[in-house]
Amino acid sequence: MKSSLGIIGFPIGHSISPLFQQAALDHLGIDAAYQAWEVKPQEVGEFVAGLREPGVLGINVTVPHKEAVIPYLDEVDQWATTAGAVNTIVNREGRLTGYNTDGLGFLRALLEVNGFAPQGRRALVLGAGGAARGVVLALVREGVGHLTVANRTLSRAERLVQIAQDGGVNSLPIPLAGSALDRAAASADLIVNCTTLGMAHGPDEQGTPLSRQQIPPTALVNDLVYNPKETPLLRLAAQAGAQVLGGIHMLVYQGAASFEMWTGQPAPVPVMLEAASRAMESR
Ligand code: NAP
């Protein structure tokens with residue numbers, strides 16, 4: 001029997017996960033189909049119940065269902081519990097477990113693409129929404145040396161910084177503008193954009209949270225925005241002489257971690273990355 005995998009969201013048409021996950025399944029000769037399902041918020045419980053069927057390996061979960069699926073699962077792992085969000089569900093003989101592979105994907109991309117380990121380093125996180133929360137948790141877990149969170153809405157940055165401080169990390173909330181941002185950027189080893197600035201079809205497609213002058217040439221700049229592949233921030237960072245890392249790498253590595261949980265096999269990351277890049281270029 002062909003096994004079943006997929007992703008749920010609302011809407012879901014934008015997701016490139018089906019393309020790179022199916023490429024990985026086909027590459028390894030696994031007889032499974034990865035689909036995209038648009039699930040309305042009121043249908044989440046019924047949909048998740050159906051995942052207990054034999055032949056269903058599991059699913060990915062994206063916006064806006066990452067919190068909503070939690071009450072319908074048998075267990076949720078520690079990372080997903082702390083994040084308050086599940087992006088992967090695994091079906092093991094009718095028992096459903098929720099995981100969050102975003103933090104793992106973020107860390108693996110930094111390490112495997114740029115050779116960057118956050119331990120003891122200075123990080124500047126731009127934004128304080130769902131993606132920033134996952135990034136902050138991952139940086140705290142890795143023992144980042146100092147963390148600044150800059151956000152347009154300062155109170156949200158304050159809440160994230162509290163999490164980092166509870167985790168024993170020296171950290172500071174600041175507004176996403178002004179001299180505090182200049183100083184935080186100038187001393188950062190790692191800058192991560194977790195805002196939607198620069199995102200295609202987002203609120204400000206040409207926007208960038210930092211100017212070229214604010215980006216130090218010694219930093220690694222990771223933009224989580226993956227559409228477009230080269231965002232305005234990454235363009236400026238490259239011009240400033242900084243190392244750059246596009247959001248497609250985190251996207252693929254979080255998917256690779258999910259793939260490994262469902263199949264028990266090492267994910268063919270280069271195959272997934274190539275399929276994801278091709279999918280982005282055709283959009
Ligand atoms: P979210 O929860 O809606 O958070 C959005 C963030 O962007 C908030 O910090 C918000 O600030 C800020 N923002 C929005 N418009 C702004 C503007 N005009 N000026 C300044 N700041 C603005 O979104 P999310 O889920 O965290 O996603 C953020 C980005 O990360 C998206 O582009 C998403 O595609 C990307 N992402 C990528 C991956 C990956 O695997 N590469 C994974 C997850 C997310 P306020 O708090 O002030 O509203």
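Where is Pro 64 found? Pro 64 sits in the loop between E3 and strand E4 (75-76).

## The model

This is a predicted model, where local features need pLDDT of at least 70, side-chain atom pairs count only at pLDDT 80 or more, and totals for chains, interfaces and linings use all residues. Residues are numbered from 1 along each chain as its sequence is written, and side-chain values use heavy atoms, with hydrogens and water left out.

Helices (H or I, at least four residues) and strands (E, at least two) are DSSP runs, numbered from the N terminus.

## Two cis prolines

The peptide bond from Val 63 to Pro 64 is cis. Its omega is near 5°.

Another cis peptide bond joins Phe 10 and Pro 11, with omega about 5°. Pro 11 also lies in a loop, between strand E1 (3-9) and helix H1 (17-27).

## Two residues with positive phi

Glu 93 is not a glycine, yet its phi is positive, about 50°. It lies in the loop between strand E5 (88-92) and strand E6 (95-99). Glu 93 counts as exposed because its relative accessibility is 85%. Buried means under 20% relative accessible area, exposed over 50%, and partly exposed in between (1.4 Å probe, protein chains only).

His 201 is also a residue other than glycine with a positive phi, near 65°. Its loop runs between strand E10 (190-193) and strand E11 (220-223). His 201 counts as exposed, because its relative accessibility is 72%.

## Around Asn 60

Is Asn 60 buried or exposed? It is buried, because its relative accessibility is 4%. Asn 60 belongs to strand E3 (residues 56-61).

The side chain of Asn 60 makes a polar contact with the side chain of Tyr 34, at 2.6 Å. A polar contact is a pair of N or O atoms within 3.5 Å; within protein, one must be able to donate a hydrogen and the other to accept it, and residues adjacent in sequence count only if both atoms are side-chain atoms. A polar atom of the Asn 60 side chain also lies 3.1 Å from the backbone oxygen of Asn 87. Leaving out residues up to four places away in sequence, Asn 60 touches others including Gly 6, Gln 21, Ser 258 and Trp 262. Contact means heavy atoms within 4.5 Å.

## Domains and cores

The domain assignment gives domain 1 (3-100 + 249-281) and domain 2 (103-246). Such bounds come from an automatic or database domain assignment. The C-alpha centres of the two domains lie 26 Å apart. Their contact takes 15 residues from domain 1 and 19 residues from domain 2.

A nonpolar core is a set of buried Ala, Val, Leu, Ile, Met, Phe, Trp, Tyr and Cys residues joined through side-chain atoms within 4.5 Å. The largest one has 58 residues. Among those with the most contacts inside it are Phe 106, Leu 139 and Val 149. Helix H9 (residues 247-263) gives the most to this core, eight residues. Domain 1 and domain 2 each supply at least three residues to this core. A second, separate core of 20 residues includes Leu 126, Ala 188, Val 221 and Leu 234.
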